[in-house]
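Hello,

Here is the structure I said I would pass on. Please open it first, then read the notes below it.

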Amino acid sequence: MTSLPSLPTPKKLGLVIDLDVCVGCHACVVNCKEWNTGGYGSALSDQDPYGAEASGAWLNRVHSFEVVPDGGEVVGEAGEARIVHFPKSCLHCEDAPCVTVCPTGASYKRADDGIVLVDEDMCIGCGLCAWACPYGAREMDLAAGVMKKCTLCIDRIYNETFEEADRQPACVRTCPANARHFGDLADPQSAVSVMVAERGGIDLMPEQGTRPVNKYLPPRARKPLAASANAMPREDTDGATGLFAWLDRMLDRI
Amino acid sequence: MHPALSIIAFTTLSGLGYGLAVMLGLGLLDPAAVATKIAWIAALAAIGGGLLSSTLHLGNPQRAWRAFSQWRSSWLSREGVMAVVTFVPLLMTAWACVIEGRQAVVPGLVGAVLSLCTVFCTAMIYASLKSVDAWHTRLTPACYLLFSLGGGAVAASFFAFCGGGNALWLPLVAIVALVGAWVVKRAWRQHLQATAPLSTPESATGLGAIGHVRLFERPHMTENYLTREMGFRIARKHAAKLWIIAMALGGVVPFVLFALLLAAGAQAGPGAALVAGLALASHVIGILAERWLFFAEARHAVMNYYGG
């Protein structure tokens with residue numbers, strides 16, 4: 001059924017991504033592909049994988065943006081512009097437009113934990129859900145002809161044969177910088193909710209009215225370049241005493 | 001947005017077919033005439049062919065029947081259901097005309113209304129997408145409905161000049177419908193050009209609080225499904241020319257040809273039918289160009305993550 005759950009889901013499982021910490025290494029991208037090509041649903045196919053025009057279905061991608069503050073200078077590579085690496089995957093929206101447009105009932109949002117999934121046996125591969133998603137979270141698998149998307153690693157997070165530490169989405173588990181966090185955003189006491197509250201977590205494209213569950217933690221404020229330049233130690237010997245004062249005088253005489 | 005040929009063919013053909021079915025269902029052509037019988041077959045063929053071509057872009061067309069299930073929430077599903085439901089009165093009316101040579105009044109009227117409902121559902125598939133600013137307006141269904149009626153009136157006029165009935169009123173209806181359709185379409189395009197995008201790289205990344213946001217690097221060097229599907233740019237380069245071609249062939253040419261036929265007081269006959277046929281062919285080519293632009297000029301919010 002592609003109507004959204006009528007009540008808010010008791011759990012809102014999702015990710016919190018710290019843009020201050022992400023170094024853009026793409027480890028989450030690779031591990032996502034690795035895990036999900038052998039797990040839930042059909043494999044994540046690639047087309048022309050070793051050719052010049054390699055492409056394929058990925059559920060998580062890292063974009064990199066340059067942000068220039070108002071009045072900031074961009075001088076060569078040493079300006080005030082900053083690079084922000086930006087991992088992006090399904091945001092498991094509360095008002096998921098991808099779910100309601102689905103004509104077959106393949107696309108659905110789980111009423112208990114809010115995860116948005118595709119039942120691949122029902123998907124006809126019309127691609128309308130990918131059109132409806134403003135975030136580009138859904139990509140068609142061209143080999144299987146069905147829509148692929150982030151499952152929040154549903155086959156890991158509830159997998160009781162795993163160690164507790166491994167019951168996390170593959171991208172979270174693998175992130176070497178600890179920029180990705182998984183938890184229940186409906187519980188205000190959860191670690192992710194506390195993080196979002198403390199750091200002012202943000203929604204992507206709130207104007208689209210999708211109410212995403214995943215939150216992004218904005219990069220922390222940075223000192224302007226000029227402020228850093230003033231802090232450079234000056235080269236003088238004022239205030240030197242003892243041995244250094246004597247050496248200073250002697251060396252001046254030579 | 002990528003203009004898939006199967007979808008362009010589908011919306012053009014089925015729009016024309018449903019428009020013609022409206023004219024036939026309203027009984028504007030003589031049900032006893034051979035030309036009217038051919039018109040019914042043409043209308044059903046255009047609708048059926050259009051629907052079949054729409055399944056060509058599916059990844060798993062063998063499961064297409066599942067698309068009838070989610071009419072509560074999905075405009076695509078509603079369109080599928082309405083298309084099938086509409087076939088019932090249309091086939092009844094077509095049978096009455098083609099086999100019995102009479103107008104089935106009630107099924108005809110029901111078929112005409114349901115035909116317009118189906119076209120409305122098709123248009124709402126696009127109009128309901130908030131992620132595509134150009135489409136997310138009430139003008140979108142207005143354009144689809146008016147183009148369907150205009151095309152149907154042009155086609156019905158052609159069959160009238162082939163001997164299917166009154167060759168005075170239908171060309172007048174066609175002229176009025178074409179003017180209405182292109183006036184609304186022009187408003188639609190002005191909306192597209194004048195409206196600031198709902199989402200920007202700043203809102204897409206949430207980094208607008210820091211400053212101006214520009215894409216530095218895409219996630220991959222090569223194209224992917226999203227950039228191919230949502231990032232089509234080929235037609236934008238020639239958008240201004242294509243728009244003029246669409247308006248000229250889809251509106252001006254049939255308008256002028258029908259005006260000439262009316263001014264000459266043309267009756268049904270081979271000469272008039274040829275001119276009306278030219279008007280119909282020109283209109284169809286113009287609408288194909290219009291549909292191409294409908295997709296190619298529409299920008300998707302996801303391209304904020306891919307540098308436009």
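Predicted model: local features only at pLDDT ≥ 70, side-chain atom pairs only at ≥ 80, totals over all residues.

The second largest pocket has a volume of about 430 Å³.

Next, the largest pocket. The space in it comes to about 510 Å³. Its lining has 24 residues, with Leu51(B), Ser54(B), Thr55(B), Leu76(B) and Glu79(B) nearest the centre. Of the lining residues of the largest pocket, 18 are nonpolar, five are polar and one is charged.

Which helices supply at least two residues each to the lining of the largest pocket? From chain A there is helix H3 (128–132), and from chain B there are helix H1 (5–25), helix H2 (34–54), helix H3 (75–98) and helix H4 (105–127). H3(B) gives the largest share, six residues.

Last, the cavities. Counting those of 30 Å³ or more gives eight cavities. The largest cavity has a volume of about 110 Å³. It is lined by 16 residues, and the closest to its centre are Cys102(A), Pro103(A), Cys123(A), Cys126(A) and Cys129(A). The lining of the largest cavity is made up of 11 nonpolar residues, four polar and one charged.

Regards

How values were computed. Residues numbered from 1 in each chain as written. Chains lettered and ligands numbered in written order. Heavy atoms only, no water. 1 Å grid on protein atoms, 1.4 Å probe; cavity = no way out; pocket = protein on both sides within 12 Å on 5 of 7 lines; lining within 4 Å. Points joined across faces, edges and corners; volume = space filled by probe spheres on them. Nonpolar A, V, L, I, M, F, W, Y, C, P; charged D, E, K, R; others polar. Helix = DSSP H or I, 4+ residues; strand = E, 2+ residues; numbered from the N terminus.
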